[in-house]
Amino acid sequence: MGPFPACLPLLGGQGTARVASMDKDKRDQGLPRAWSSPRSGCQPALESLPDEVIFGRKPIGEKMKFILFTLVGIIQLFSLSSEKSIPKNAVSYKTLKEMKDEIAGYEDVAESLINLAVYGKAKNRSYERLAVFVDTVGPRLSGSKNLDKAIEIMYKNLQQNGLENVHLEPVKVPHWERGEESAVMLVPRLYKMAILGLGSSIGTPPEGITAEVLVVASFDELQRRSTDAKGKIVVYNQPFVSYAITVQYRIHGAVEAAKVGALASLIRSVASFSVYSPHTGNQEYQEDVPKIPTACITLEDAEMLGRLASHGKTIVIQLKMGAKTYPDTVSFNTVAEITGNKYPEQVVLVSGHLDSWDIGHGALDDGSGAFISWEALSLVKDLGLRPKRTLRLVLWTAEEQGGIGALQYYRLHKGNISNYSLVMESDAGIFLPTGLQFSGSERARDIMKEIMGLLKHLNVTKVFTGGDGTDINFWIQAGVPGASLSNDAQKYFTFHHTHGDTITVLNPKEMNVAAAVWSVVAYVVADLEDMLPRT
């Protein structure tokens, strides 16, 4: 790990925060600026600490790191008193007609942002930045050295881009590694299957688990055949209905199989199309249920096993998994800003997550969302614009483990919640944008429709429902308006959580358009005289 600057900006925090896994397509679901970057002067520094300490590897113990981060957090609590929240009853909003007139005044600015992103000197920039990043770093699993390296690189990139208040906010995150893994069908023929262990799964004994297979198409069928499951490997060959529905088999399949005495579970990958590509993802154990190894198999193999079972064939599989869970370690949310010129304490948050699974390159999920979010601030800065409110970029850590970095951020900053005008997240890949998904009041929705009208030359003007996302749901559920980029994402779940998630999946022209949409929405909301209404 290369050295960070001597004055490394950190915001204190501790403790592992975990939330349930959420649907990445349609998820259910403040401390102020922390330590200033070296560009704006160091506050209390940790310059005596080597980066091995900062990244929680060694030589000091977890207890000392816990104390250090706690002390830093206390300092930040004192700074919170300097930023005043806006009482709800003190807000006076304009009429819709007045808002329409105000938004119409941004046509020239919107055109400038669009031209710069799609046709000008910033054309293809987000794609090229991302390509260098993922080719250099590769996959970025929670707790891994690759994720540490990615955060270090992004910290330096954001500083070199001239963004303000660049800093890191520490988060305790899980550290799981898949190890070597294999599945071999021994009966009715010898056949090696492609598998991917699921996040947080336990491993098998070194000799593996060799057992007969029970194939089911649903949880209901598993319950009906529960007496047949004991001592077997349960294979789920569930049909793909939608991601939100079908992902429940990945998340809960091991627990349900363990409840009826299964030794392990293999789950049909959550996708509607496959070129013999298993998909990984998170899964959840239940405290009062035995833990069993669990992995995903390809659609092709799941259907083959289903056919064999339907013909009454006995199936025997040997499963070996070297998965291990290590003690939690320290990671970081990465933050940068363009400080507002009139209401700097008020925030429009723009985000994507920097972590990924340990396969593929994490370009689609979610390097693309993180990099168009960075690009949004870069475009605003390139034009010399400074909105009334602060534009804050957050690149989340440990999203794939259930939004752990985002929950820590919410806990640290929720005291300033009345000053958040809009929270934005791009985490469904970047394809050709079709509009904006939005969660908020009807008055706020009317305003967003007017803002999206500024993008008519891109033919991206629609406002859909459901602006939620894993990393922003905490804010949306507390009443803050939220937005997600809506894409033509038919291909998304073909590559999602697979070895195929590389830069090749992405199109630079589509990323240009997405960056233009993201920057116009973020800038205009940040520069309006009023915050978005919550009622």
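A charge is taken to sit over a ring if NZ of Lys or CZ of Arg is within 6 Å of the ring centre and within 35 degrees of the ring normal. A second example is R129, placed over the face of W374 at 3.8 Å from the ring centre.

The model is predicted, so local features need pLDDT of at least 70 and side-chain atom pairs count only at pLDDT 80 or more, while totals for chains, interfaces and linings use all residues. Residues are numbered from 1 along each chain as its sequence is written, and side-chain values use heavy atoms, with hydrogens and water left out.

**Overview**

Display the whole protein as a cartoon. There are 16 helices and 16 strands; these are DSSP runs, numbered from the N terminus, with helices being H or I of at least four residues and strands being E of at least two. Of the 535 residues in the protein, 61% are buried. Here buried means under 20% relative accessible area, exposed means over 50%, and partly exposed lies in between, for a 1.4 Å probe and protein chains only. The protein exposes about 20100 Å², and carbon and sulfur atoms supply 53% of it. Such areas come from the Shrake-Rupley method with a 1.4 Å probe; for residues, only the protein chains shown count as cover.

**Stop 1**

Select L186, V187 and L190, which make a nonpolar surface patch of about 260 Å². Patches consist of residues with over 30% relative accessible area and no salt bridge; nonpolar side chains (Val, Leu, Ile, Met, Phe, Trp, Tyr) are joined within 5 Å, and like charges within 9 Å. A salt bridge is a side-chain nitrogen of Lys or Arg within 4 Å of a carboxyl oxygen of Asp or Glu. L186 belongs to strand β2 (residues 181-187) and is partly exposed, since its relative accessible area is 35%.

Next, display the backbone from V187 to P188: this peptide bond is cis, with omega near 15°. P188 lies in the loop between β2 and β3 (191-193).

**Stop 2: further backbone features**

Move to D365 and D366, where the connecting peptide bond is cis with omega near 0°. D366 is part of helix α11 (residues 363-382).

Two residues other than glycine have a positive phi and may be selected in turn. For S200, phi is near 80°; S200 is located in the loop between β4 (195-197) and β5 (209-216) and is partly exposed, at a relative accessible area of 27%. For A398, phi is near 55°. A398 is in the loop between β12 (389-396) and α12, and counts as buried because its relative accessibility is 0%.

**Stop 3: aromatic pairs**

The structure holds 13 aromatic pairs. Rings of Phe, Tyr and Trp (its six-membered ring) pair if their centres lie within 6.5 Å; planes under 30 degrees apart count as stacked, over 60 as edge-to-face and the rest as tilted.

Select Y106 and Y523. Their ring centres are 6.3 Å apart and their planes stand at 75°, so the pair is edge-to-face. The pair links distant parts of the chain, 417 residues apart: Y106 is in the loop between α3 (96-104) and α4 (107-118), and Y523 is in helix α16 (residues 508-527). Both Y106 and Y523 are buried.

Now select Y409 and W475, a tilted pair with 6.0 Å centre to centre and 55° between the planes. Y409 lies in helix α12 (residues 404-413) and W475 in helix α14 (residues 473-477), so the pair ties together parts that are 66 residues apart in sequence. Y409 is buried, at 0% relative accessibility, and W475 is buried with a relative accessible area of 0%.

**Stop 4: strand β16**

Finally, select strand β16 (residues 482-487), which is mostly covered, with six of its six residues buried. Two strands pair if DSSP finds at least two bridges between them. Strand β13 (residues 420-425) pairs with β16 in the parallel sense over three bridges, whereas strand β14 (residues 433-439) runs antiparallel to β16 and is joined to β16 by six bridges. Which residues stand opposite G482 in β16? From β13, inspect V423, which stands opposite G482; from β14, inspect S439, which also stands opposite G482.
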